[in-house]
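Have the model open beside this text.

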Amino acid sequence: MSANMSDIVIGNARLVLADRVVEQGWVAIAGGRIAELGEGAAPAGSLDAGGDLLMPGLVELHTDHLEAHFVPRPKVYWDPVAAVISYDGQLATAGITTVLDSLRVWSEEGAEGVDGQANVLAEAIATARDGGLLRSDHFLHLRCEVPMPTVVEEARQLAGRPDVRLMSLMDHTPGQRQFRDEGKLRDYYRGKSGGKTDAELDVMFARRFAYQQAYAAPNMRDIIALAKTHDVPLASHDDTTEENVADAIKDGIAVAEFPTTMEAARGLHQAGISILMGAPNVVRGGSHSGNIAAVDLAREGLLDILSSDYVPSSLLMGALQLPQRVPSIELAAAVRTVTKTPADAVGLHDRGEIAVGKRADLIRVHVAGQLSVVRSVWREGLRVA
């Protein structure tokens with residue numbers, strides 16, 4: 001083809017396709033889509049990628065890092081739209097071109113920070129998007145803490161929005177799931193900024209036990225029904241036991257976030273539920289809360305999706321480190337965990353791979369030893385970073 005048939009041609013790149021890596025290839029972009037790709041030398045006039053990796057833009061299903069920009073210090077609230085713009089810039093330079101912003105859809109008595117702020121942040125994201133201020137493509141992930149008294153009402157206010165792509169069912173009641181060891185939950189809250197005393201934790205835990213007894217079961221039914229009404233996929237959270245797995249299957253769960261045991265992961269996988277783990281877990285070599293290591297699941301063929309969770313740059317790092325930590329996983333398969341598989345899980349079938357007709361969401365990545373850097377980012381063919 002001739003270069004003038006395309007808006008952009010990027011050549012001299014290692015193309016990471018969905019099923020293989022092309023050691024030298026090129027991609028032509030027209031009208032925001034991938035128009036053509038090939039192996040070998042690129043057409044004349046192409047942009048030279050210098051032999052770097054050319055990958056699909058990363059797709060992030062679960063990151064609550066917006067919270068750190070909105071409340072950068074205890075009791076310090078930043079302008080929400082400015083917070084979204086700052087956070088978006090960090091995502092883009094980390095190679096994330098599609099993100100589901102995870103919002104806490106619940107209020108808790110005595111809690112501060114981002115609790116009860118989901119509507120504020122959802123509106124701020126929409127304002128920034130409508131103003132053309134965002135580099136990445138933003139959708140919403142509603143994190144629903146099912147024992148909280150107001151969670152159903154708050155979820156109803158957001159669930160009908162067209163940008164909602166995922167709803168997760170969470171229960172952080174002490175003594176179960178992620179925090180079966182109540183002591184670890186106490187350590188977590190003591191270690192947070194403005195950490196709580198044991199007396200304060202006693203009051204909080206007693207309140208949470210009471211909430212679970214009173215509200216968890218009916219709230220779970222209502223939130224599942226709400227998601228089905230709006231055709232929004234559901235995610236479970238911190239599945240630990242066979243009972244948790246059985247509930248996930250019964251509830252029609254599409255994605256299981258952060259299972260904590262091998263037992264649960266195996267059951268979820270057998271049921272055809274996609275398993276999502278944290279990229280920081282891969283990079284750090286284990287879970288910060290002492291649960292199952294993501295690489296152990298990967299060795300068993302039980303890892304489908306990676307999420308940056310609380311460190312945006314970890315998404316690319318985790319994907320590139322997977323083949324080193326688990327030699328049976330090739331680079332193309334590792335990259336699928338942060339591109340095609342998460343995109344497909346939430347119905348975004350127009351992106352996540354370098355293929356003709358797909359969105360031209362691309363990143364150029366330079367690798368030097370164990371380190372990597374995102375040198376260029378295109379979203380629908382437009383350079384955004």
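A contact here means heavy atoms within 4.5 Å. By that rule, methionine 55 touches Val16, Leu316, Val335, Ile354, Asp361, Leu362, Ile363 and Val365, not counting residues up to four places away in sequence.

This is a predicted model: local features need pLDDT of at least 70, side-chain atom pairs count only at pLDDT 80 or more, and totals for chains, interfaces and linings use all residues. Residues are numbered from 1 along each chain as its sequence is written, and side-chain values use heavy atoms, with hydrogens and water left out.

The predictor's confidence in each residue is its pLDDT, from 0 to 100. The protein's mean is 91, and 90% of its residues reach 70 or more. Residues 1-5 fall below 50; beyond near neighbours in sequence, this stretch has eight contacts in the model. Where pLDDT is low, the predicted coordinates should not be read in detail.

Now the interior. A nonpolar core is a set of buried Ala, Val, Leu, Ile, Met, Phe, Trp, Tyr and Cys residues joined through side-chain atoms within 4.5 Å. Buried means under 20% relative accessible area (1.4 Å probe, protein chains only). The largest core has 81 residues, of which Met55, Met167 and Leu322 touch the most other members. Helix 3 (residues 118-130) gives this core its largest share, six residues. Helices are DSSP runs (H or I, at least four residues), numbered from the N terminus.

Turn to helix 6 (residues 198-229). A kink of about 55° lies at tyrosine 215, shortly before proline 218. The bend is the angle between axes fitted to the seven residues ending there and the seven starting there.

Conventions
Helices (H or I, at least four residues) and strands (E, at least two) are DSSP runs, numbered from the N terminus. Buried means under 20% relative accessible area, exposed over 50%, partly exposed in between (1.4 Å probe, protein chains only).
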